[in-house]
Amino acid sequence: EGTWKKACSQSGSDRYSEFIKVYKNTSYTLYAKDYSDSTCSTAYRTTRYTYTLAVGSDATMADGSTTATKLTQTSVGVYVTLKTDTLVASKNTGSFCSATDWTKDVEKDVTSKFTEDTCLDADDAIGTVYKDVLKITGTDLWWGTGTSDKDSEGYPTVLEDTGFDKQ
């Protein structure tokens, strides 16, 4: 349970992002907030990803001494909010996520469209199950390293500090 935030950082050419993870009971929500400035004060777009969450047993990491908790997440929904009039006009003209009725500061459900190349071009479909491990160290949120070896059940065996801090 809790809210975790990753500070503003550059995420592309002239784009900056901050990320917020909210864990509550059996749900997990990731907010990806995009900005046009390095202080993350001029909002551009917010994308909200929702997941169901199942907490599993403890797992011993590859070092033999670190313990983390197994998590299984299933993607449920994706929602986009455009934050500027200019972006709304551009996305309506381009039929972003197959829609031409975007409105500034109004969240739109793009769950059925987000894998399309005219939308968010995501690689994984809704319903995809992700296996990971998590450890809280002080105020830091540690996750399994995506490139690490996996255990016999498919969970990562090495942790890394994600840069998310408890709020």
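Ala, Val, Leu, Ile, Met, Phe, Trp, Tyr, Cys and Pro are counted here as nonpolar, Asp, Glu, Lys and Arg as charged, and the others, Gly among them, as polar. The model is predicted, so that local features need pLDDT of at least 70 and side-chain atom pairs count only at pLDDT 80 or more, whereas totals for chains, interfaces and linings use all residues. Residues are numbered from 1 along each chain as its sequence is written, and side-chain values use heavy atoms, with hydrogens and water left out.

View A. The largest pocket holds about 560 Å³ of space. On a 1 Å grid over the protein atoms alone, a pocket is an open set of points where a 1.4 Å probe fits, with protein on both sides within 12 Å along at least five of seven lines, and lining residues have an atom within 4 Å of a point; grid points are joined across faces, edges and corners, and the volume is the space filled by probe spheres set on them. The lining of the largest pocket comprises 23 residues, of which K21, Y28, L30, Y51 and Q73 are the closest to the centre. Two or more lining residues come from each of strand 2 (15-24), strand 3, strand 4, strand 5 (67-82), strand 7 (129-137) and strand 9 (159-166), where strands are DSSP runs of E with at least two residues and helices are runs of H or I with at least four, numbered from the N terminus. Sorted by class, the lining has twelve nonpolar, five polar and six charged residues.

**View B. The second largest pocket.** About 200 Å³ of space lies in the second largest pocket, which is lined by 13 residues, with E1, Y23, V55, L71 and L134 nearest its centre. Strand 1 (2-12), strand 2, strand 4, strand 5 and strand 7 each give two or more residues to this lining. Its classes are eight nonpolar, three polar and two charged residues.

**View C. The disulfide between C8 and C40.** Two disulfides are found in a search of the whole structure, a disulfide being a pair of cysteine sulfur atoms within 2.5 Å. One of them joins C8 to C40 at an S to S distance of 2.0 Å. Because C8 lies in strand 1 and C40 in the loop between strand 3 and strand 4, the pair ties together parts that are 32 residues apart in sequence. The torsion about the S-S bond is about 75 degrees, so this disulfide is right-handed. C8 is partly exposed at 27% relative accessibility, whereas C40 is buried at 11%; buried means under 20% relative accessible area, exposed over 50%, and partly exposed in between, with a 1.4 Å probe and protein chains only.

**View D. The disulfide between C97 and C119.** The sulfur atoms of C97 and C119 lie 1.8 Å apart in a disulfide. C97 sits in the loop between helix 1 (85-93) and strand 6 (108-109), and C119 in the loop between strand 6 and strand 7, so the pair ties together parts that are 22 residues apart in sequence. C97 is buried at 5% relative accessible area, and C119 is buried at 10% relative accessibility.

**View E. The salt bridge between R45 and D34.** The side chains of R45 and D34 meet in a salt bridge at 3.5 Å, N to O, a salt bridge being a side-chain nitrogen of Lys or Arg within 4 Å of a carboxyl oxygen of Asp or Glu. R45 belongs to strand 4 (residues 43-60) and D34 to strand 3 (residues 27-35), eleven residues apart, and both R45 and D34 are buried.
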